[in-house]
Amino acid sequence: MPRFLNTLRGRLILLLCLLLATAIFHTGSSFLHDWQEMRNARGIEAVGHSVIAIGNLVHELQKERGLSAGFIGSKGGKFADDLTRQRTLTDGKHGELIAWLQDSNAVALPATLRAGVDEGAAGLDKLAETRSSIGSLQLGGAESFAFYTQTIDRLLSVLNQATKATDDAESGQQLLAYVMFINAKEQAGRERATVNGIVAADQPMNVSQFQRLLVMITAQDINLATFRTLATTDDISALATLLAGQATQESMRMRATVIEQAFLGNYEIEAALWFATITAKIDAMKLLEDELARSFQERVRRFASAASRGVTISA
C-alpha cells in the first residue's frame, strides 16, 4: 500500500479522486447520451420537414391529376383554365421540395430516406412531357391517371419509410397516424379523378373502372380506421366533424349516384360540381393534415429542446 494512504489526508485525497472520477464518468456518459439524443432530434426534424414538403406536393399533384382526368374525359372542353392554374401551384410545391433538399439542414436525413426522397422527386422529370401530351389530348385518361398515381405513390412510399426513421415511440406513432391520414386522402384524390373523368364523359363504366372505384372507397375506409387507432382523441373528433360536414356528405351522395348508374351512364352530375364538392372535402382533409403536421413538429421541437438542455447541463 502506498505510504501516503497511511495518513488521513492521503485517504481523503484518494476518496476525493474516486468521487471526482465517478462524477466525470457519469457526466461524460450523460453528455454523450444527450448529444446522441440531440442528433436524433435533428434527424427527426429533418424527416418531419421532408414529410411535410412531400405532403404539400402530393396534395397539388392530386388536384392536377383530377383536373387532367376531367380535361381528357371532356375532350378538352372543360377544366382547361383550372388545369393551367393548378400546374403553377404544383410547380411551386415541387420547387419548395427541391429547395429543402438543397438546404444544409437536410443533411440530417438518414441516408436511405434521402435516397427515397431523391427517387420520388426524380419521378417528376417526365411531368412537363406528360402535361404536353395531356394538353394535346394524345394521352388517354387511364395513362394520365397512371402517371400521376405512380408519381404520387413514389412520394408516399417515402412517407412510409419515414415512420421507421425514429426511435422515439411517441414521435413514431404520431408520424404513422399522419401517414395513414395522407394515404386516406390519396384514395379520396383517386376517387376524385376517377369519377371526374367518368361524369365528364357521361358514359357507362366498364367492369374494371367500377372495381377500381370500389377499391378506392374501401381503401379510404381502411386507412381512416387505422388512423383512428393511432390518433389522439382530439384528432379523432376533428375527423368525425370533417366527415359529418356538408362537402363530405354531398360528395358521398354523388358517389352513391355514380355507383347506382355505373353501368347505365346518364349520371346527371356536372363534372365541375363533382370536382368542386369533393375538392372541398379533400381541402378540409388537408387542413386536418396540416394540423397533424404542426402537432408532430411541436413534439419534435420539444424533444430537441430537451436534448439540447441536457447537453448544456452536462457540459
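Analyst: What follows is a set of questions about the helices and the terms applied to them. This is a predicted model, in which local features need pLDDT of at least 70 and side-chain atom pairs count only at pLDDT 80 or more, while totals for chains, interfaces and linings use all residues. Residues are numbered from 1 along each chain as its sequence is written, and side-chain values use heavy atoms, with hydrogens and water left out.

User: How many helices and strands are there in the protein chain?

Analyst: The protein chain has ten helices and zero strands. Both are DSSP runs numbered from the N terminus: helices are H or I with at least four residues, strands E with at least two.

User: Why are H4 and H5 called roughly antiparallel?

Analyst: Helix H4 (residues 127-135) and helix H5 (residues 141-162) pack at about 160 degrees, with axes 11 Å apart. Axes are lines fitted to C-alpha atoms, for helices over the stretch in contact, and angles run from 0 to 180 degrees between N-to-C directions. Angles over 145 degrees count as roughly antiparallel, so H4 and H5 are roughly antiparallel to each other.

User: What makes the contact of H4 with H5?

Analyst: Leu127, Thr130, Arg131 and Ile134 of H4 make it with Ser144, Phe147 and Tyr148 of H5; contact means heavy atoms within 4.5 Å. These residues divide into four nonpolar, two polar and one charged. Nonpolar covers Ala, Val, Leu, Ile, Met, Phe, Trp, Tyr, Cys and Pro, charged covers Asp, Glu, Lys and Arg, and the others, Gly among them, are polar.

User: How do you know that H3 and H5 are roughly antiparallel?

Analyst: The axes of helix H3 (residues 111-122) and H5 cross at roughly 165 degrees and come within 8 Å. That angle puts the pair in the antiparallel class, so H3 and H5 are roughly antiparallel to each other. Residues of H3 including Leu113, Gly116 and Val117 meet residues of H5 including Leu155 and Val158. By class, this contact has six nonpolar, four polar and two charged residues.

Notes. Angles under 35 degrees count as roughly parallel, over 145 as roughly antiparallel, 65 to 115 as roughly perpendicular and the rest as oblique.
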